[in-house]
Number of protein chains: 2
Amino acid sequence: MLIILKLGGSILSNKNIPYSVNWDNLDRISREIKNALDYYKRHNKDIKLILVHGGGSFGHPVAKKYLKIENDKKTFVNMEKGFWEIQRAMRRFNNIIIDTLQSYDIPAVSIQPSSFVIFGEKLIFDTSAIREMIKRDLIPVVHGDIVVDDNNNYKILSGDDIVPYLSKELKTDVILYATDVDGVLINNKPIKRIDKNNISQILEYLKESNKIDVTGGMRYKIETIMKNKCRGIIFNGNKINNIYKSLLGLVEGTKIDFS
Amino acid sequence: MLIILKLGGSILSNKNIPYSVNWDNLDRISREIKNALDYYKRHNKDIKLILVHGGGSFGHPVAKKYLKIENDKKTFVNMEKGFWEIQRAMRRFNNIIIDTLQSYDIPAVSIQPSSFVIFGEKLIFDTSAIREMIKRDLIPVVHGDIVVDDNNNYKILSGDDIVPYLSKELKTDVILYATDVDGVLINNKPIKRIDKNNISQILEYLKESNKIDVTGGMRYKIETIMKNKCRGIIFNGNKINNIYKSLLGLVEGTKIDFS
């Protein structure tokens, strides 16, 4: 079973404080991932895992320095310095995350998209090495990054761009979204389940309620699971044991099933 | 004009001292590259540059810990820890090199092969992003790295593996090998020129004289330039101004011409 676990930038860092790490969460999340891997091992069940994380407080403040927005058009400027500065900031964040995972004996390795991805009309992202890694039970940790586009400029490839692409390419069974809320909320309560029976109703609701869609790109996450015809959960990664439970399919949150 | 400059690990670090950096050389080399780029700019001449460096004192000692040699067969073991440890060591070296280049306003960016390369029977190495980078006058700094193979194990992708591949893929005009010797030496003197007229004689000599071939893989470097039907120089990167001169085609060393 192939699982993609997306760790929201907001649970690994404080987006308002540049270069901040939420060490308590990172440490706890690492331990919970390790416990889940051990559970699968003890029960002789196969699990392949890919972790995806965003820029958090590392990528965003640096990227902002080089982003120019004119007439709603985003372009990056001064990238002879900026490309490396963003790359380096993301490397630093990714290093911290992998070092912590490794300290719990999780076989995490790094995937740095800026080295090989083009994000233009289509996304060009060779997953051959990632496939070989999961075959060997390594756990690729893919991070949001600055990448070249196909129009002589640059784009941010976010964690939320990476998840749907990898899901499709690698035929993922389960997508887990660890966010800082309890799921897809309606009147502050998480919807228990989204499937073909209530999806149009829910997308309609999210469209009207801009506020919800902006915080966490819920609509995009739901559509990703829908388009990939797989299963997933959007849950609160800040709560103790939720990461562990999510990997075992037991977490409270919004379950989404299009499998 | 596209130039690949290979910086030998032995001129950027002391291979006998783990994690050592030859700061004087790194600083001088960065300044010389900057001077050469400025020269081309002043003369309105186009130059595209790719830098390649090996593992030096960072990659080798770590890789050694995980390498098992039995009956001449090399395999990597304990790679659930080792892959990341080698990745991280190479990242650290690459960070130091790019930070120094950037401090001289050289638009260097990082290419980390372990994220996307498979080195099996064939080398699978998507150069799409590198092409886009050089179009924007960024300077990709590609480093030797640990990569997956196609046989459920791993391989070191060395700088000397990267250079011929990129040369062919990107149709490189000039390959510059900055080594710690004055060129291809015969009786301690560098051969001035290698071309179609003396190549068989020289390869014959190198075959007999194992010692020369081992120090720096000279034979491999010559064959790379020959197969790519391009021009190149093998020269001493430890000598002041040689990097600058090499980029202008003026350095003393062994000139190789199969263009």
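**Strands here are DSSP runs of E, at least two residues long.** With that in hand, here are some close-ups of a predicted model.

View 1. An unreviewed UniProt entry lists nine stops for "binding site", among them Lys6(A), Leu7(A), Gly8(A), Gly9(A) and Ser10(A). Further along, the entry also lists Gly56(A), Asp180(A), Gly217(A) and Lys221(A).

**View 2. Leu7(A) and its neighbours.** Leu7(A) belongs to strand β1 of chain A, which covers residues 2-7. Its relative accessibility is 4%, so Leu7(A) counts as buried. Leaving out residues up to four places away in sequence, Leu7(A) touches Leu12(A), Ile29(A), Val52(A), His53(A), Gly54(A), Ala178(A) and Ile243(A).

**View 3. Lys221(A) in its helix.** Look for Lys221(A) in helix α9 of chain A, residues 218-227. Lys221(A) is buried too, because its relative accessible area is 4%, under the 20% cut-off.

**View 4. Where chain B meets chain A.** Here 40 residues of chain B are in contact with 40 residues of chain A. The two chains bury about 3,400 Å² between them, with 52% of that on carbon and sulfur atoms. Trp84(B), Arg91(B) and Arg136(B) supply 19% of the area chain B buries against chain A, more than any other three residues.

View 5. Six salt bridges turn up between chain B and chain A. One to zoom in on joins the side chains of Arg88(B) and Asp99(A), at 2.7 Å from N to O. On the side of chain B that touches chain A, α4(B) gives the most, with 13 residues.

Notes. Residues are numbered from 1 along each chain as its sequence is written. Chains are lettered from A and ligands numbered from 1 in the order in which they are written. This is a predicted model: local features need pLDDT of at least 70, side-chain atom pairs count only at pLDDT 80 or more; totals for chains, interfaces and linings use all residues. Side-chain values use heavy atoms; hydrogens and water are left out. UniProt positions are given in the numbering used here, feature names are shortened, and annotations may be inferred rather than shown by experiment. Helices (H or I, at least four residues) and strands (E, at least two) are DSSP runs, numbered from the N terminus. Buried means under 20% relative accessible area, exposed over 50%, partly exposed in between (1.4 Å probe, protein chains only). Contact means heavy atoms within 4.5 Å. Buried area is the accessible area (1.4 Å probe) that two parts lose on being put together, summed over both. A salt bridge is a side-chain nitrogen of Lys or Arg within 4 Å of a carboxyl oxygen of Asp or Glu.
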